[in-house]
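User: I'd like to go through the labels on this model and hear what each one rests on. Can you take my questions as they come?

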Amino acid sequence: MFRSLRRTLCALTVALLLPLAGARTADAAEAGGGYWHTSGRQILDAAGQPVRIAGVNWFGFETGNYVVHGLWSRDYKSMIDQMKSLGYNTIRIPYSDDIFKSATVPNSIDFSGGKNADLQGLGSLGVLDKIVSYAGQDGLKVILDRHRPDAGGQSALWYTSAVPESTWIANLRSLAARYLGQDTVVGIDLHNEPHDPACWGCGDTATDWRLAAQRAGNAVLSVNPDLLIFVEGVQTFNGVSGWWGGNLMGVAQYPVQLNVANRVVYSAHDYATSVAQQSWFSDPTFPANMPGIWDKYWGYIFKQNLAPVWVGEFGTTLASTVDQKWLAALVTYLRPTSAYGADSFHWTFWSWNPNSGDTGGILKDDWVTVDTVKDGYLASVKAPGFPGTGSGGGGGGGGGTTASCSAAYTTTSDWGSGFNADVKVTNTGTTPVTSWKVTWTWTGAQQVTSMWNASYTQSGASVTAVNAAHNGAVAAGGSASFGFGAAPGGAGVPNVSCTAA
């Protein structure tokens, strides 16, 4: 519920883990190639290797801007580069059916100074094409989310009088066809946050979301049988209510059954008090009661090995102590262990955008600065990236039987007064490393202003970056990354060196 609260936007807008036998970790290689499928509670890549979705929601296509937000401030490529540098590997992109209308024109895109130059003259779908293409180059996956029937607001059911089920399904099929063969788009979230009167398993074709999801999912798979079908919950099942889209209690009795096996991923949404109050927040045992709540609504699906579970939205302003305890408890619940690797819940945080009125975002209001406190809560549940087609500069390192690494430095954006950069650390040896250190020296007066996924010291022009607790262990052939902001711009790409232990 509470959709109207969570979409108050500012200017310019009108997951107890159980092991599976033989589970492999995604850290052993760059997993994620090709299209994905499910096996029990895991998502596997084309080679049968488990992957883990750990990403962010980047919204805007579902609003009256008809395009992701923030392009009024930054180039879209720099935004995607920054997502990657922070360790997010997937983008959930909400949209409304309005973007399929020929008269729809994206607005609030800044083209000055060469920003977003290749988006000029494009419609919403053309811009989406560019975002998908660049995300794929960067090694990020995309999940398309049919968020609303139109830019006016969220709907309880998957259809309205103005946007009938036939239009919903036709547009889903159109997206499946549009990205056929582009495995950056791994799946489609059929409809965002169904809620009362939507039911699960009631048998009424006008309100039974489970039956509608089967119809739409089969339509998508008839066009591209390789896509994953993400199905959210409802609000109420058997008289028990929860968050909009967050109640998946009905899956046990009424699972979604599609014509193509191993394609269903169930999606839950979960929020904190900055969105709305729920009874469990005032329970005297809070936050110890929360794992039981999550088990009841959606966690059981994963724990009983029925299907993968993706927490497609969760977020908070972190303004209250209750919310801070909630997020810490949820991250602990979602966290995999080294024994299970990618055998875990999946997630995309709400949101990347700072302009979500009751949650805020990973970015602060300037659309550049990272909320390091919020991002820090998520560090332990981030996941390895996926293979992409992009390239970066830098060098250093070597092979052999001892621990060794190389570092590749890429400037992701430079606006003159400052810049952002991404450094990818690769284990070039034949044995795992437990820690790494990257050093470089600038030729100018640049100073690091912030760094994520690593800690740093700077003496004059020389910088030393050391791994964070969550990304120091890198398997042979594997990689980790960190990013930073610095000023002023115009630094160029320095020579970097990497040492490992």
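User: Which stretches have a pLDDT below 50?

Analyst: pLDDT is the predictor's confidence in each residue, from 0 to 100. The chain averages 88, and 90% of the residues score at least 70. Residues 1–29 are below 50, yet that stretch has 99 contacts in the model beyond near neighbours in sequence; contact here means heavy atoms within 4.5 Å. Residues 391–401 are also below 50, with 29 such contacts. Where pLDDT is low, the predicted coordinates should not be read in detail.

User: What makes S19 and S22 edge strands?

Analyst: Pairing comes first: two strands pair if DSSP finds at least two bridges between them. The strands themselves are DSSP runs of E, at least two residues long, and helices are runs of H or I, at least four, numbered from the N terminus. Four strands make an open antiparallel sheet in the order S19-S20-S17-S22. S19 (454–459) and S22 (496–500) each have a single partner strand, so one side of each has no neighbour in the sheet, and that puts them at the edges. On average, neighbouring strands in this sheet are turned by 20 degrees against each other, direction ignored. Those axes are lines fitted to C-alpha atoms, for helices over the stretch in contact, with angles from 0 to 180 degrees between N-to-C directions.

User: How do you know that S17 and S22 pair?

Analyst: Count the bridges: five of them join S17 (residues 436–441) to S22, and the two run antiparallel. Val-438, for one, has Cys-498 in S22 as its bridge partner.

User: How many bridges join S2 to S3?

Analyst: Two bridges join S2 (residues 42–44) to S3, again antiparallel. Ile-43 stands opposite Val-51 in S3. The open sheet here has three strands in the order S1-S2-S3, and its edges are S1 (37–39) and S3 (50–51), each pairing on one side only.

User: Which strands pair with S4 in the parallel sense?

Analyst: S4 (residues 54–57) pairs with S13 (residues 346–349) over three bridges, and with S5 (residues 90–96) over three bridges. Gly-55 stands opposite Thr-348 in S13 and opposite Thr-90 in S5. From S4 the chain crosses through helix H2 (residues 76–85) to S5, and this β-α-β crossover is right-handed. That label applies if, with the strands pointing away from the viewer, the path from the first strand over the helix to the second runs clockwise.

User: Why is Asn-238 called exposed, and Asp-366 partly exposed?

Analyst: Buried means under 20% relative accessible area, exposed over 50%, and partly exposed in between (1.4 Å probe, protein chains only). Asn-238 comes to 66%, so it counts as exposed. Asp-366 comes to 39%, so it counts as partly exposed. Asp-366 lies in the loop between S13 and helix H8 (372–378), and its C-alpha is 8.1 Å from that of Ser-73, 293 residues apart along the chain.

User: What is the phi of Asn-238, and where is this residue found?

Analyst: Its phi is near 50 degrees, a positive value in a residue other than glycine. Asn-238 is in the loop between S9 (236–237) and S10 (240–241). Asn-262 also has a positive phi, near 60 degrees, and lies in the loop between S10 and S11 (264–271). With a relative accessible area of 42%, Asn-262 is partly exposed.

User: What makes up the largest nonpolar core?

Analyst: A nonpolar core is a set of buried Ala, Val, Leu, Ile, Met, Phe, Trp, Tyr and Cys residues joined through side-chain atoms within 4.5 Å. The largest one has 106 residues, of which Trp-58 and Trp-298 touch the most other members. Helix H6 (residues 290–303) gives the largest share, eight residues. A second, separate core has 25 residues, including Val-425 and Val-463.

User: Which peptide bond is cis, with omega near -5 degrees?

Analyst: That is the bond from Ala-487 to Pro-488, and Pro-488 sits in the loop between S21 (479–487) and S22. Another cis peptide bond joins Asp-196 and Pro-197, with omega about 20 degrees.

Methods
Residues numbered from 1 in each chain as written. Predicted model: local features only at pLDDT ≥ 70, side-chain atom pairs only at ≥ 80, totals over all residues. Heavy atoms only, no water.
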